[in-house]
Amino acid sequence: MDWVGILRRISAQAVDLVFPPVCSGCGRLTGYAHAVCASCWAGMPFIERPYCEVLGLPFAYDPGESAVSPEAIANPPVFDRLRSVAIHEGIVRDLVHGLKYRDRTDLAPMMAEWMIRAGDGAVAAADMIVPVPLHALRLWRRKFNQAAELARVIAERSARAYRPDVLRRIKRTSRQVGLGARAREDNVRGAFAVPEGAKRELAGKRIVLVDDVYTTGATVAAATRALKRAGAGDVTVLTFARAMSGPI
């Protein structure tokens with residue numbers, strides 16, 4: 001008899017009695033921990049197909065298989081593809097802010113599971129999962145890196161290598177919030193580097209680069225350039241949310 005398993009279940013049930021599971025979005029009682037209620041689920045602006053195969057932008061109509069948006073054609077990104085769970089509004093924004101600003105690291109497992117699904121096979125095909133790093137000073141002030149929390153769970157749940165050591169933030173940048181697209185690019189230019197000892201490990205590898213939110217793409221583009229200069233063969237950017245007004 002699996003006494004350890006039985007004891008764990010009893011312990012979990014006891015915790016649920018004392019601290020009943022609540023919705024991660026609105027705080028209402030739910031039947032499961034680390035979940036959202038039906039009302040919050042209905043309000044989740046998920047990004048589903050059809051979408052641009054490169055930028056993951058949802059289309060207002062189905063243009064056919066493997067369609068690419070005009071934006072991706074006019075301004076091809078340095079990364080190979082972008083995938084996000086949902087549009088950065090409503091409960092999605094609340095979850096991001098909860099993890100990032102209110103130390104709700106308990107949200108990371110739920111968010112990471114959705115990100116694996118949104119990755120559309122990119123996680124399973126990856127050689128390693130790499131978080132967008134914070135500068136050491138900002139990490140010290142914030143206490144944790146939200147991208148690293150998400151990346152760690154993604155790697156664990158998908159049995160991929162978690163490699164926060166292959167990319168470093170070497171330039172202390174200003175906060176991106178409130179900056180325009182050009183200012184964001186200038187802010188993060190040259191901000192990332194790959195340690196010399198990691199370059200051989202990156203050669204030809206498929207990377208999933210993880211961050212919490214995609215806004216203009218300046219940060220992940222700068223990080224991708226550092227990875228590709230070091231020899232990475234393919235980079236998928238995977239975020240929980242992305243800022244946009246709606247389908248194209």
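**How are α4 and α5 oriented to each other?**

Helices α4 and α5 are oblique to each other (angles under 35 degrees count as roughly parallel, over 145 as roughly antiparallel, 65 to 115 as roughly perpendicular and the rest as oblique). This is a predicted model, in which local features need pLDDT of at least 70 and side-chain atom pairs count only at pLDDT 80 or more, while totals for chains, interfaces and linings use all residues. Residues are numbered from 1 along each chain as its sequence is written, and side-chain values use heavy atoms, with hydrogens and water left out.

**The helix pair**

Two packed helices are described by the angle between their axes and the distance between the axes. For α4 (residues 90–101) and α5 (residues 108–118), the axes come within 11 Å and cross at roughly 125°. Axes here are lines fitted to C-alpha atoms, for helices over the stretch in contact, and angles run from 0 to 180 degrees between N-to-C directions. Helices (H or I, at least four residues) and strands (E, at least two) are DSSP runs, numbered from the N terminus.

Where do the two helices meet? Leu95, Val96 and Leu99 in α4 touch Met110, Met111 and Trp114 in α5, with contact meaning heavy atoms within 4.5 Å. By class, this contact has 6 nonpolar, no polar and no charged residues (Ala, Val, Leu, Ile, Met, Phe, Trp, Tyr, Cys and Pro count as nonpolar, Asp, Glu, Lys and Arg as charged, and the others, Gly among them, as polar).

**The sheet and its helices**

Now for the strands: 5 of them form an open sheet with parallel pairing, in the order β1-β7-β6-β2-β3. β1 (81–87) and β3 (161–162) stand at the edges with a single partner strand each, so one side of each has no neighbour in the sheet. Two strands pair if DSSP finds at least two bridges between them; β2 (residues 128–131) and β3 pair over 2 bridges. Met128 stands opposite Ala161 in β3.

Helix α4 lies across β1, β6 (206–214) and β7 (234–242), running at about 105° to β7. Helix α8 (residues 146–158) lies across β2, β3, β6 and β7, at about 135° to β6.

**Loops to look at**

In the loop between α2 (38–42) and α3 (70–74) you will find Pro50, joined to Arg49 by a cis peptide bond with omega about 5°. Asp103, in the loop between α4 and α5, has a positive phi of about 60° although it is not a glycine.

**Confidence**

The predictor's confidence in each residue is pLDDT, from 0 to 100. The protein chain has a mean of 87, and 84% of its residues reach 70 or more. Over residues 3–8, however, pLDDT is below 50.
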